[in-house]
Structures are given as C-alpha cells and as structure tokens.
Amino acid sequence: MPPRFAEAPAGLDALQPDWWNSFAAPELAALVEQALAGSSDLAIAAERVRQAELAVRIAGTSLFPSLSGGASTAERYIDPSGTGGASARSSGVSLSASYEVDLWGRLAATVDSAQASLAGSRYDLQTVRLSVSSAVANAYFQVLALRVRRAIAQENLAIAERVFRIVQARYDNGAASALDLSRQRTTVLSQRATIEPLQVQERQTLAALALLLGRAPQGFSVAGMALDALAVPAVAPGLPSDLLLRRPDLASAEAALQQADANVAVARAALLPSIQLSGSTGLASSALLSLANPSFSVGLTASVAQTLFDSGRLRNQVLQSESQRRVLVESYRASIHRALKEVEDSLSNIARNRSQEQSQRAIRDEAQRALALAELRYREGVEDLLSTLDAQRTLFLAQDSLAQQRLARLTAAVDLYKALGGGWVRPAS
C-alpha cells in the first residue's frame, strides 16, 4: 500500500457515517433515511444475510450427532400350504444415532466456509447501503441542477425576447434589416427549444429518485433548495491502508477469499477416509399396538469409508478449488488497486472542479456585463446585431456551464465519500 494519497489535502473534517448531513440539506437527509428504510435493493441484501445465517446454522449441525426415532406396529396373515394359516403381530420402537468423526477437519472447514459467506453477505449489505445513499444524493443534486438550468434557460429566453423587441422596433423604424430580425427570432426559438428537454430530464430524474426510495414515481416530487446554498464538504481521506478497513466491498472480497481457503480444505479432506459412528436401540413385542413382554436390542457400529477409484474426480476438485482461490487472490488485489484509483480520481476531481467553478463564475459575471453593454450600444446604433448575438450566446453558455460545474463539485464530493467507504468501519472480529 502507498504511504499517502498523491492529492490528499490537509486539515479537513473526519469522515462520518451520516456523511449526507455534511451538505447542509435537511431534505436530502430525510430522503436518504427514507431510502435506507424503503429501498428494495436493501431489503434484498438483508434477506441474503438471513439466508447466509441459516446456511451457517445448517452447516453447524454436521458437527453434532443426529438422532432419529421411530415406532411401528403390524399384523400379517401367513398361510404357506393353503389349508389354514396364522396371524403374526408385532410392535416396536427404535432409537438410532449417527455421528461422523471430523478427524481431518472437513466438517469444520465447511462451517468456516459458511461463516465467511455470511460475513461477505453482511459486507455486501453495507455496500448496497452506501450505493443507495450516494445514488440518492446524486439524484437529488441533479434535480436541483436541472431546475437551476431550466430557470436559467427561461431567464435567457426572456433576455432574447427583450432583444427581439428592440430589433423589431429598429426594423419598424428602418434602422435594422430583415436579416437582423430573422437572426434574433432564430435565437428566441433556439432558446425556447432548450427548455423542454430540461423539463423531461427533471421528470426522469425525479422518477429515478422515487425508485431509490422504494416509492412509485407517479406524483413524487421534492421541494428543493438553491444549488448555491448547498455546502460542499471537505473530507480528509486518511491513509491508503485505511481503505482495507473502511470499504465494505474490499471486506467482502477478503471474505470471499477466506471462503475459498475453507473450500480448498474441504476438497482436500474429501481425499481422506471418513469415519462414521452409529448406534441403535429398540424394543419389540409380538403384540399389536402394545409393548407387552418386549425384547430389547442395542447395537453400535463404526465404519470407515475410503474412495478407491473415481477417475481423478476428487483430486480435480482440489485443483479446481485451488485455482478458484488464486482467482480470488487476484480479484482482491485488483479491488484494492481500483479503490485506490477511485479515491485519487475523486480527490483530483474535487480540486479541479473547485478551481473551474471559480473561473466559470468569473466568466459568467463578465458575460453579464458584456451583454448589458452590447444591448446598450445596439440600442444606440453604435454596434451591429452580431455583437449582441455573440454576447447572448456567451452568457447563455456561461450560466449553464456554471450550474453544471456546481453539480460536478457536489457529485465529486459524493464520489469521494463513496470511495472512502462512507464512514463505515469494519467491526473487530
């Protein structure tokens, strides 16, 4: 593991499990809590944990003796010569027990495999929890950004219509050409056409957010807030080695590797003889539905079984289990490298997006001043319409880019929280 992250800033806040509160958005916190309570994905992951718990219990029963009992009664008529026979009646109860001696650790390894699978399913549940909460945050931010972009488009449409009225007045007075009028009308129509796609995207994003909350999308909406009012938290990433204890997906990959180790032990133990102990006892009587004057029996058996020839099936199973373990070793290492890359990418995105947002805000402010001057000079006849059109396009793009850059900063912060494990800490075993 590297000693530190290349772009790790210093003096930042510690990572908290309820990281979504760091954005200072009460509605977002409420939505995340609803998702954690009603998400279908989380409910499915929780059921898989229960299934793994039952699998551990089932595997654990093989370490203990099995006990079974039975009772029977019967009446038979026997006539061997066809001249008259006799009835034979019997009743009995029996009790039997069997136990496999785990001399080579096969049964214990089976239990270890089930327990590793259980641990992995619990880590998978935390991974789904982190994925759901981060998806809710990203969808909420996207809804707010689309609303801002739609408001910007409507404001720019109003500006374009205002300029069109100026061009229309100059055209009516013979001071502007029909070409100028057509150009500005095209700008108005183009700006009007940008509004509907943003409305469609907003509806689709709200529907996706509703599904994350486990709700039907029809009639779902959020109150929202100003995009600039959201706080962009700064989080200390810690040491790279901390990821091994803070990312549930890495813990799940490690649990899968532990399960593979146990499966190798099971396959190897299958090559060795199995030892089975069994015992039985019972009462039998020659009466029907009665144990009068019963006879008593008891038996104890020890057996050893060894596969002598199976065409290499068991040995090939061992080789297959060992190969699978090597695959999981490489998968675990690749997962660690991928996690390190995700953190580095998120850190660099945060730094870059913060700088780009500041630059884009300055561009937006200059574009607003340029458009005001262009309108004034065109109204006074000093500049032609092309200067005003260019100023309009520059402002429209600058405002829209600023909203998208703000969204990129928020998304990068969520990505960093997710890459760092969302404040989850692996419990001590």
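Predicted model: local features only at pLDDT ≥ 70, side-chain atom pairs only at ≥ 80, totals over all residues.

Reader: Is S331 buried, exposed or partly exposed, and why?
Author: S331 is partly exposed, because its relative accessible area is 34%.

Reader: How far apart are S331 and P248?
Author: In sequence, 83 residues apart. In space, they are 15 Å apart, C-alpha to C-alpha.

Reader: And F64, where does that sit?
Author: F64 is in the loop between α2 (40-60) and β1.

Reader: Buried or exposed, and why?
Author: F64 is exposed, because its relative accessible area is 58%. The cut-off for exposed is over 50%.

Reader: What separates F64 and R170, in sequence and in space?
Author: F64 and R170 are 106 residues apart in sequence. C-alpha to C-alpha, they are 98 Å apart in space.

Reader: New topic: strands. What order do they have in the sheet?
Author: The order is β1-β2-β3-β4. It is an open sheet of four strands, with antiparallel pairing.

Reader: Which ones are the edge strands?
Author: β1 and β4 (295-305). Each of them pairs on one side only.

Reader: What does the twist average?
Author: The twist averages 20° from one strand to the next.

Reader: How many bridges join β1 to β2?
Author: 13 bridges join β1 (residues 66-78) to β2 (residues 86-101). The two strands run antiparallel. As one example, A74 has S90 in β2 as its bridge partner.

Reader: And how many bridges for β2 and β3?
Author: Eleven bridges, again in the antiparallel sense. β3 covers residues 274-285. A97 stands opposite G279 in β3. S94 stands opposite G282, also in β3.

Reader: What about β3 and β4, how do they pair?
Author: β3 and β4 pair over eleven bridges, in the antiparallel sense. T281 has V298 in β4 as its bridge partner. For S278, the partner in β4 is T301.

Reader: Let's switch to the core. Which residues touch the most other members of the largest nonpolar core?
Author: F23, L28, V136 and F141. The largest nonpolar core has 55 residues.

Reader: Which helices each supply at least two residues of this core?
Author: α1 (26-38), α3, α5 (195-212), α7 (248-269), α8 and α9. The largest share, ten residues, comes from α3.

Reader: What do nonpolar side chains tend to do in soluble globular proteins?
Author: They tend to be buried together.

Reader: Last topic, pockets. What volume does the largest pocket have?
Author: The largest pocket has a volume of about 260 Å³.

Reader: How many residues line the largest pocket, and which lie nearest its centre?
Author: 13 residues line it. A153, Q191, T194, F396 and D400 lie nearest the centre.

Reader: Which helices each supply at least two of the lining residues?
Author: α3 (106-172), α4 (178-193) and α9 (385-419).

Reader: How many of the lining residues are nonpolar, polar and charged?
Author: Five are nonpolar, five are polar and three are charged.

Definitions and conventions. Residues numbered from 1 in each chain as written. Heavy atoms only, no water. Buried < 20%, exposed > 50% of the residue type's maximum accessible area, 1.4 Å probe, protein only. 1 Å grid on protein atoms, 1.4 Å probe; cavity = no way out; pocket = protein on both sides within 12 Å on 5 of 7 lines; lining within 4 Å. Points joined across faces, edges and corners; volume = space filled by probe spheres on them. Nonpolar A, V, L, I, M, F, W, Y, C, P; charged D, E, K, R; others polar. Pairing = 2+ DSSP bridges. Axes fitted to C-alpha atoms, helices over the stretch in contact; angles between N-to-C directions. Core = buried A, V, L, I, M, F, W, Y, C linked by side-chain atoms within 4.5 Å.
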